[in-house]
Amino acid sequence: MIEILSNAALATVQDLGRLGSLRFGVGTAGAMDDLALAAGNLLLGNEAGAAGIEIPVFPFKVRFAEDCVFALTGADCGAKLDAEPLLPWWSHRARAGQVLTLGLPQGAQRASRAVLCLPGGIDVPEVLGSRSTQMRGAFGGHEGRALRKGDVLRAADPKRACRTGFGLVPPALALPLQLDGLVALRVLPGAEYLGFEAASREAFWAGEWRITAQSDRYGYRLSGAALRPVAPMELRSHGIVPGVIQVPHSGQPIIQMRDAQPSGGYPKFGTVIEADLWRLGQAPIGSRIRFIETNWDEAVAALEQKEAWLAKVARMVALQRSGPMGVAA
Amino acid sequence: MSLSTTGPTPTVSLLGTTALLFEAPGALAFASQQRIWALAQEAAGWPEVREAVPGMNNLMLSFVRPPRTLDALTARLAAAWEAVTPLTREGRVVELPVRYGGAGGPHMADVVAHTGLSVEQIVELHSAPLYPVYALGSHPGYCYLGGMDPRIATPRRPVPVLSIPGGAVSIGGAQTGVSASAGPSGWNTIGSTTMTFFDPVRDPPATLQPGDRIRFLVEGIEP
């Protein structure tokens, strides 16, 4: 059991998303950095898709009400257990009464969201096949809302005795993708791509894009060269997915993120491929990003590469857990 | 890659590696929607398809995992579209009492200003049709409706409203709808109703299904 001690603004319970209820108007929700959630779960021997806590605002503090193992992934927040500094992307053990504090994200490749995993996952009810918090409609997660001070959350398997004290090379280092020193994202051109002026298409690939302050789990609003359509486009409402880059009349693109609605009508310039959404989920407000044009074969290969990294993590964890007790990497 | 206006043949486009979008050709039509429903029912059973999600004369197919090549799937989709029998759904008729205008319809004045009609004329035109539910989307339980009288069409608001309440009856361009829960909206709210459209623990969770029809009953008109 853990108790939230800080005003945990915008921290939510998330798993890998609610994937099968789009036809009822229900978006997917789910972790903004799915790799961090999956890896954190694997470190504890959980299913990769167990629910964890996604933390976007700091400082964040929780007290462990009982002895419990846990894993920290995602943004390196200079975590401390009481006064003891903790490594990021690592499994740890807390004693009853200890307080975990996450500070502002730090490091050369500053990320923006930390993920806290507990043994067996966060124990909240599954709703429509997922434990992710669905903000619009207020269901899933913990009482269908963001966490707040005083909330108490349970681990599904709190007594699990598992080896801790080992960790991972973060995927930002293991699976890097940068262009001119900026985080880069691969984009598959969308249905209306050719409906934009050639100069706008060139500018999209060549330019830097800033993630504006009007960016959250619903969508990232970007600022850069205006993307001009050859002629105005009015579309019929249709299904969309996280990663879709819509261009409203202003010409400034909006990338749909995990809490995006499942349908829309703005022209679609392209889609950030599923394999790269975690990179975007960690890109801080105010940071600049670049886009790289890709094709179907490369995008599918990228997804396989991501899965291969997770499989490698699972093998490493299995080795650690089968080794003699007391020996930690 | 296709342009937005639908041409003489169906188009297929990619939504990353997560899904593809099939768009029916021609003008927005109820008959096309019946074929979309039939296509959705068939495609939902294909092994690579996680979910078949109808939109307005289009269909999104999300993948269990992206197929290595798309040719077989798009060919099967094109063939199925040619072969389907339109799905006639004798859905339920749901009557929704609406209080038009007043505090629950804060943008009625904008619709009056745009259309040049009186409040009474707008209410009469809005409450006359039996609106078919084409598809669900936007937010849990929200219905896309067809059949609004074009005389009361009103452009979306220049600046979206940060939050309109659940049950808000609104007009956005040539479409009308009822919000199923509180949230932001760029549409013009002209009235309110108290229907519950979504309950996640029910099966199915949405109250209305494609093929159901909605009639708005005039419960009152407030100044």
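Student: How are residues, chains and ligands labelled here?

Tutor: This is a predicted model in which local features need pLDDT of at least 70, side-chain atom pairs count only at pLDDT 80 or more, and totals for chains, interfaces and linings use all residues. Chains are lettered from A and ligands numbered from 1 in the order in which they are written, while residues are numbered from 1 along each chain as its sequence is written.

Student: What pLDDT does chain B average?

Tutor: pLDDT is the predictor's confidence in each residue, from 0 to 100. In chain B, 97% of the residues score at least 70, and the average is 93.

Student: Where in chain B is the pLDDT below 50?

Tutor: Where pLDDT is low, the predicted coordinates should not be read in detail. The stretch in question has 16 contacts in the model beyond near neighbours in sequence, a contact being two residues whose C-beta atoms, placed from the backbone, lie within 7 Å. It covers residues 1-5 of chain B.

Student: Which ipTM does the model score?

Tutor: There are two scores for the model here. The pTM is 0.94, and the ipTM is 0.95.

Student: How many residues of chain A are in contact with chain B, and which strand of chain B gives the most to its side?

Tutor: On the chain B side, 41 residues are in contact with 42 residues of chain A. β1 (11-15), β2 (19-23), β3 (49-54) and β4 (58-63) of chain B each supply at least two residues of that side; helices (H or I, at least four residues) and strands (E, at least two) are DSSP runs, numbered from the N terminus.

Student: How many charged residues does the side of chain B that touches chain A have?

Tutor: Ala, Val, Leu, Ile, Met, Phe, Trp, Tyr, Cys and Pro count as nonpolar, Asp, Glu, Lys and Arg as charged, and the others, Gly among them, as polar. By those classes, this side has 22 nonpolar and 16 polar residues, and the charged ones number 3.

Student: What radius of gyration does chain B have?

Tutor: The radius is taken over C-alpha atoms, and the globule rule is 2.2 Å times the number of residues to the power 0.38. With 223 residues, a compact globule would come out near 17 Å, and the value for chain B agrees with that: 19 Å.

Student: Are the residues of β10(B) buried or exposed?

Tutor: A residue is buried if 20 or more other C-beta atoms lie within 10 Å of its own, exposed if 12 or fewer, and partly exposed in between, with C-beta atoms placed from the backbone. Strand β10 (residues 175-178) of chain B has Gln175(B) and Gly177(B) on one side, and Thr176(B) and Val178(B) on the other. Both faces are covered, and all four of these residues are buried.

Student: Which residue in the turn between β9(B) and β10(B) has a positive phi?

Tutor: β9 (residues 168-172) of chain B pairs with β10(B) in the antiparallel sense over 4 bridges; strands pair if DSSP finds at least two bridges between them. Gly172(B) stands opposite Gln175(B). The two strands form a hairpin with 2 residues between them, and the one with a positive phi, about 60°, is Gly173(B).

Student: Which are the edge strands of the open sheet in chain A?

Tutor: This sheet has 6 strands in the order β7-β6-β9-β4-β1-β11, with antiparallel pairing. Inside it, 3 bridges join β1 (residues 2-4) to β4 (residues 60-64) of chain A, and Ile4(A) stands opposite Val62(A). Each edge strand pairs on one side only, and they are β7 (84-85) and β11 (152-153) of chain A.

Student: Why is α1(A) largely enclosed?

Tutor: Helix α1 covers residues 34-43 of chain A, and its buried residues include Asp34(A), Leu35(A) and Leu43(A). It is largely enclosed by the rest of the structure because the number of its residues that are buried is 10 of the 10.

Student: What separates the centres of the two domains of chain A?

Tutor: Chain A is divided into domain 1 (2-172) and domain 2 (178-294), with bounds from an automatic or database domain assignment. In domain 1, 20 residues are in contact with 14 residues of domain 2, and α1(A) gives the most to the domain 1 side, with 3 residues. Taken over C-alpha atoms, the centres are separated by 28 Å.
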